[in-house]
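Trainee: I would like to go through the labels used for this model and ask what stands behind each of them.

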Amino acid sequence: VTHTAEETTADAAGTEWARRYEAPSREVCRRALLELAMADPRIMCVDSDVGGLEDLFADLPDQYVNVGIAEANLIGTAAGMAAAGLIPYAHTLSSFAAARACEQIKVDVAGNNLPVRIIATHGGLSAGHYGPTHHAVEDLAILRTMPNLTVVVPADGAEAERAVLATASLPGPVYLRLGRAATPLLYRGPYEFEVGRAVPLADGDDVTLVATGPYPVGMAVLAAELLAGAGIHARVLNMHTVKPLDVEALRRAATQTRGIVTVEDHLVVGGLGGAVCEAVAATSPCPVRRVGVPDRFSDRVGDERDLLTAAGITPEAIASEATAIVSAQP
Amino acid sequence: MTGVEPELVEDLAERAYRVRGRVLEMGASAEGTHLGGSLSAADLLTVLYGAVLRVRPAEPDWPDRDWFVLSKGHAAAALYAVLGEFGFIPADEYQTYARPGSRLAGHPLRGVEGVEFPTGSLGHGLSLATGAAVAARRLRTPARAFVLLGDGELQEGSVWEAVMSAAHQRLDNLVAVVDRNGWQITGRTEECVSLEPLADRWRSFGWAVAEVDGHDIATLLATFARLPDPAGRPTVVLARTAKGRGVPMLEDRKKCHYVKLTPQMYHRASVGLRNRRERQS
């Protein structure tokens, strides 16, 4: 086998890309945050004992505050800091932000439209064997009800880095939902990331798969390949921004394809699926089938992949829902 | 009290009297108001805005200003009267209180000059003030952060999250004032979920504690003049107050928490307030 010079260069670039982004998204984000903080003294790392941040900011002690295991105080303090001229990055877990500190996010952060960045890990089922106290499958439903709040769910490490950088200068608050462990790389090279603009990952006119989050987006891409084998051409949109939603892309999908399948590691109630239904209902109603976590509590023990499978979130399930839409409108 | 000018004390007392009169008017509005907790806080708010806070009514966003958070947001009527008294908002704007389209809600809204944060859900204010104090330290401004808490509010767990973290951070530019009127809706705090020994509790969390009569203007001035704590701790002023203070028919009564005054009640309350003031001066 011989390689051309171009192929070798591309391989090297791909290797460098993979090395840079194969770490867990939260690690990639921390590196990006540190660089931002070194360039902007208003940036503060606000910790709630999540671990590792104290070492990361060892050389910037004036830009690090640990409020302890106290999420309500974490968000309230961050709001006060932001009002008084700082740009706080408040770190906690997704469930503890959205559920426990919900009112502080509502009243103090979103209500005042303050530039607080909530960096939340353990999104979806990524906490795996930690169990349901640490799963966050309702956070998107809760937080997309908050006016002013930008909600971003990166699909891999590269996108997480872009999300941190792209939201750094937003005047209002941001909720960045990250996972726990490393997830497969979705992107293999540079692409255009814009807050509020879905990334098209496959083109097709039969049906549209709209996904958010690392495994859901990856599964949607796999489902599109399964569907292609059956002669069904699926469009795939990575809806990394759940709020504000890319309504234009959804309306195009609704009018140019026969329907939409949503995919998320979140309850089928109120999250991406609910948001998509709301977006298309008034002007371009179409069948919408939602793949996500069923509307019931689960005590199943498992790692993230096992829990996703148990919840019925698989490429096969997505393909099956898409096929049902296409078959109903031949 | 040494160092406190009698003229200032008398001026503030007169202003606090006017503030209470306006609070009663808001109590006589179509919706009524949280009269008891507004009247207990009237002297504290008047002293803070009149002689303690470094603020500029004509320039409410002045970058070096002190921050004030009314964590017990239900004392909104007292705050509106005080903001009008010191020129943040028109002196007569309180007359629009709770009317459709007014800026003055039952709990303070953002956008009213002098209101840094909308409040009303209890247990938020100390965290907000802590954040403002951290920012002042980080940005090297002379700003201090003051927060007025209700005593019943101290039953909110988030308050103690902030109490712990502010002391740990040694925020000597943070001042909490507790309106210790002794009541909450269902009865006396000590009969509901007791707060005592309150001074010891704050002290044990690492705060400098001052226990004062929250209606003694000269003492309040002297207390605030001693800030910041030389030992570098945040300070809490535990201000003993009477709910409904200044209006004999309301004072220290459970039922004074939220009152809509009828015209007859308003008349009686106003006369009581005036008689009390005349006896004092």
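This is a predicted model: local features need pLDDT of at least 70, side-chain atom pairs count only at pLDDT 80 or more; totals for chains, interfaces and linings use all residues.

Mentor: The predictor gives the complex an ipTM of 0.95 and a pTM of 0.96. Chain B has an average pLDDT of 97, and 99% of the residues score at least 70.

Trainee: What makes A:Asp62 and B:Arg138 a salt bridge?

Mentor: The closest N and O atoms of B:Arg138 and A:Asp62 are 3.9 Å apart. The cut-off is 4 Å, so the pair qualifies. Across the interface of chain A and chain B the rule finds one salt bridge, along with seven residue pairs in polar contact.

Trainee: Which elements of chain A give two or more residues to the side that touches chain B?

Mentor: They are helix 4 (71-83) and helix 6 (102-110) of chain A. Helix 4 of chain A gives the largest share, nine residues. By class, that side of chain A has 13 nonpolar, nine polar and four charged residues.

Trainee: How many residues are in contact between chain A and chain B, and what area is buried?

Mentor: On chain A there are 26 residues in contact with 21 residues of chain B. The buried area is about 1,900 Å², and carbon and sulfur atoms give 58% of it. Of the area that chain A buries against chain B, 26% is supplied by A:Asn73, A:Ala84 and A:Asn112, more than by any other three residues.

Trainee: Why is A:His122 called buried?

Mentor: Its relative accessibility is 5%. Buried means under 20%, so A:His122 counts as buried. A:His122 is found in the loop between strand 4 (117-121) and helix 7 (139-143) of chain A. Leaving aside neighbours within four places in sequence, its contacts include A:Arg26, A:Tyr130, A:His134 and A:Arg180.

Trainee: What makes A:His122 and A:Thr121 a polar contact?

Mentor: The contact is between the two side chains, at 2.8 Å. The limit is 3.5 Å, and residues adjacent in sequence count only if both atoms are side-chain atoms, so this pair passes.

Trainee: How do you know that helix 11 of chain A is mostly covered?

Mentor: Seven of the ten residues in helix 11 (residues 272-281) of chain A are buried. Among them are A:Leu272, A:Val276 and A:Val280. The buried residues of this helix pack against strand 8 (207-212), helix 10 (247-256), strand 11 (260-267) and strand 12 (288-293) of chain A.

Conventions: Residues are numbered from 1 along each chain as its sequence is written. Chains are lettered from A and ligands numbered from 1 in the order in which they are written. Side-chain values use heavy atoms; hydrogens and water are left out. Contact means heavy atoms within 4.5 Å. Buried area is the accessible area (1.4 Å probe) that two parts lose on being put together, summed over both. A salt bridge is a side-chain nitrogen of Lys or Arg within 4 Å of a carboxyl oxygen of Asp or Glu. A polar contact is a pair of N or O atoms within 3.5 Å; within protein, one must be able to donate a hydrogen and the other to accept it, and residues adjacent in sequence count only if both atoms are side-chain atoms. Helices (H or I, at least four residues) and strands (E, at least two) are DSSP runs, numbered from the N terminus. Ala, Val, Leu, Ile, Met, Phe, Trp, Tyr, Cys and Pro count as nonpolar, Asp, Glu, Lys and Arg as charged, and the others, Gly among them, as polar. pLDDT is the predictor's confidence in each residue, from 0 to 100. Buried means under 20% relative accessible area, exposed over 50%, partly exposed in between (1.4 Å probe, protein chains only).
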